[in-house]
Amino acid sequence: MTPLKIFGAVSAAAVVAAGAWLWILIFTDDFSVAYVAAYSSTKLPALYKISAFWAGQQGSFLLWLLIHALAGLVLIYRKVSAETLSVYFFLEALLIIFVATNSPFAANPAQVSEGVGLNPLLQDFWMAIHPPIIFVGYALLAVPVSLSVGALLEAPASRDWLEPARRWTLAAWSFLGAGIFIGGYWAYKVLGWGGYWAWDPVENSSLVPWLLSAVLLHVINLARKKSAVLPLAHIAAVFTYSLVIYGTFLTRSGVLGDFSVHSFVGSEIGLTIALANAAVLLGGLAIIFVRAKKFPAGRMYESYGESAFAVLLGMLLLIFVAVIVWLGMSMPLLTRGTAAVDADFYVKSTAPIALVLVALIIYSFVRFGRQISLGGKIAHAGFVLGLAAVVISSSGETVTAELSNGVEAELAGHKIIYRGQIFETRRKFYVYEVDGQEVRALTKLRGNGEDAAREPAILKNISGDVYIAPHPSQNLLAQELILERGRFAMDGELVYTFDSAEISYDAENNPVRASAKISVTDGINSETIEPQIEVTADGGTSEAIEIFNGRRRVRLTGISGDKTKARLEILPALAEISSVPITTTLSTKPLIWLLWLSAAAVCAGTLAAVRKEP
């Protein structure tokens, strides 16, 4: 094994060890590490402890590096040139710098016995797997650019690198596409706004490399047959990976902080990523320019009726779309944070191009179908089907109405009845009956009882989805009482007397739990309750206690250090909450399942095409 391969293997082992160590810290609840305290907690389920690894900026960089290093092990044992490995390990070194600059192993300056935990919005299966699949795509795209630049350094006229680059690009494109589609499904299923793609700048930062990797893939295929296309393949490889890093810069530098709900807060790493992006793009283009004289001559196509012309025209259309999306997502950077474009900009500018592209794909199927592999046919058919599904599913109705409990209403052609709310620990459900079938909208609750994350109710049919998003009622507000020990206070109907309190401390003398003994009377009957509150990093967690057979619900929200005062939150009875009319938005999504089917077809067809072709 050469020294370069030994270096790669040792580097991969070190990265794997770092990744394993971070998971150990998370699973052992080591809150002396700032990253663990920020994204994990003792009560977090195992699945989300795993995904806490990449929940924050520091961990996601380590995940990217980990996948990159594992892919490097595959390259080490494949027959690739020293030049290719050198380029690949240079890219790995950039990722190492990202991790070192923003380490997930930094010590926590505060001593805490409990972590903040994962954002409730991220506590979903699809969101747990979305980031690693995206980063697999990012990491694998480093291989084609390494093969490209390696070939430029070794033998610029060679086309030997094209076949392995084709297979790696297919795998990368499939994983990146799958990650994008899963993110869209998560948004549709969890966020409750009724859509799956908002043209958010952070969403677009993954879309642009995916579009360009499709260009790279088609140009590579064409360059295997037409030597004159070889320069385009090199240019496409450099730009594709450069835009992966550029998208990372946009999302991690804080530039989009005011324009994207997904963006990370700003940090010093932004400059580091910008310099890395410049090194990859300018360095790659410089090498192409220097070696340009050694590229083979020839024509890219002989006539307009040739398949090569159709491929190049299609790729030009994809580049137009990528440039439009790039301009839109870069607007906050280009205007220095003073402007951003809305979704209409993308729809109006890309829709005509997409229509022409669909027509070109259909024409190519009819004219050149025999030249397209089975996997390619499945992927292209899935792409066309997906665009059709976007149009069809957008043609549904959206109606907003106030629904009373138990009263039937007809909305958008569907009979709907609101059946009230069901409360569980840290969760509540809005129950609906749609065309005789029960569906539930979920709201996850914070420890203090506030809404944390909402998921709509979705009734799935062969004709499409019925999508229901409740709007939380603002009519029933909690009442806060401050009780002093030995004295009483009223909520308008009941009398509360604070009798005593207890506070428990940990080994570092930090409060971890508090309880209060409170007497309650309505003038005739009396009860004694002992509500508790657990001290957490985000304030405190306490469960509501029902009193007088559910007539009221009471939560303890605070105890003074000298135990002379207690703060209570008086909540309406569950029956009262369910009896209040609820505003509901109902949308129909005709044949939206075709969109998810098309996404599966695109990814499956692409993976099927990875096999070696003649």
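Start at Ile6, which sits in helix H1 (residues 3-27). Helices here are DSSP runs of H or I with at least four residues, strands are DSSP runs of E with at least two, and both are numbered from the N terminus. This is a predicted model, in which local features need pLDDT of at least 70 and side-chain atom pairs pLDDT 80 or more, while totals for chains, interfaces and linings use all residues. Residues are numbered from 1 along each chain as its sequence is written, and side-chain values use heavy atoms, without hydrogens or water.

Stop 1: Ile6 itself is partly exposed at 41%. The classes are buried (under 20% relative accessible area), exposed (over 50%) and partly exposed (in between), with a 1.4 Å probe and protein chains only.

**Stop 2: the cores.** Select Trp64, Trp161, Trp210 and Tyr241. Of the 113 residues in the largest nonpolar core, these touch the most other members. Such a core joins buried Ala, Val, Leu, Ile, Met, Phe, Trp, Tyr and Cys through side-chain atoms within 4.5 Å. Apart from it lies another core of 22 residues, including Leu483 and Ile547.

Go back to Trp161. Beyond its neighbours within four places in sequence, its contacts (heavy atoms within 4.5 Å) include Pro144, Leu230 and Ser148. Click Ser148 next, in helix H7 (residues 142-154). Ser148 is buried, at 0%. Leaving out neighbours within four places in sequence, Ser148 contacts Trp161, His234 and Ala237.

**Stop 3: salt bridges.** The structure holds 21 of them. The criterion is a Lys or Arg side-chain nitrogen within 4 Å of an Asp or Glu carboxyl oxygen.

- Glu163 and Arg166: the closest N and O atoms are 3.1 Å apart. These two stand 3 residues apart in helix H8 (residues 162-191), so about one helical turn separates them.
- Lys460 and Asp465: 3.7 Å, N to O. Lys460 is partly exposed at 48%, whereas Asp465 is buried at 5%.
- Glu484 and Arg487: the closest N and O atoms are 3.7 Å apart. Glu484 is partly exposed at 36%, and Arg487 is exposed at 54%.
- Asp491, Glu493, Asp522, Arg551 and Arg552: select these together to see a salt-bridge network.

Stop 4: Show S2 (residues 408-411) and S3 (residues 414-424), antiparallel strands joined by 4 bridges. Strands pair if DSSP finds at least two bridges between them. Ala409 stands opposite Ile416 in S3. S2 and S3 make a hairpin with 2 residues between them, and Ala412 in the turn has a positive phi of about 50 degrees.

Move to Asp435, in the loop between strands S4 (427-434) and S5 (437-445). Asp435 is not a glycine, yet its phi is positive, about 50 degrees. Asp435 is partly exposed at 38%.

Finish at Asn549, in the loop between strands S15 (545-547) and S16 (552-559). Asn549 too is a residue other than glycine with a positive phi, near 55 degrees. At 85%, Asn549 is exposed.
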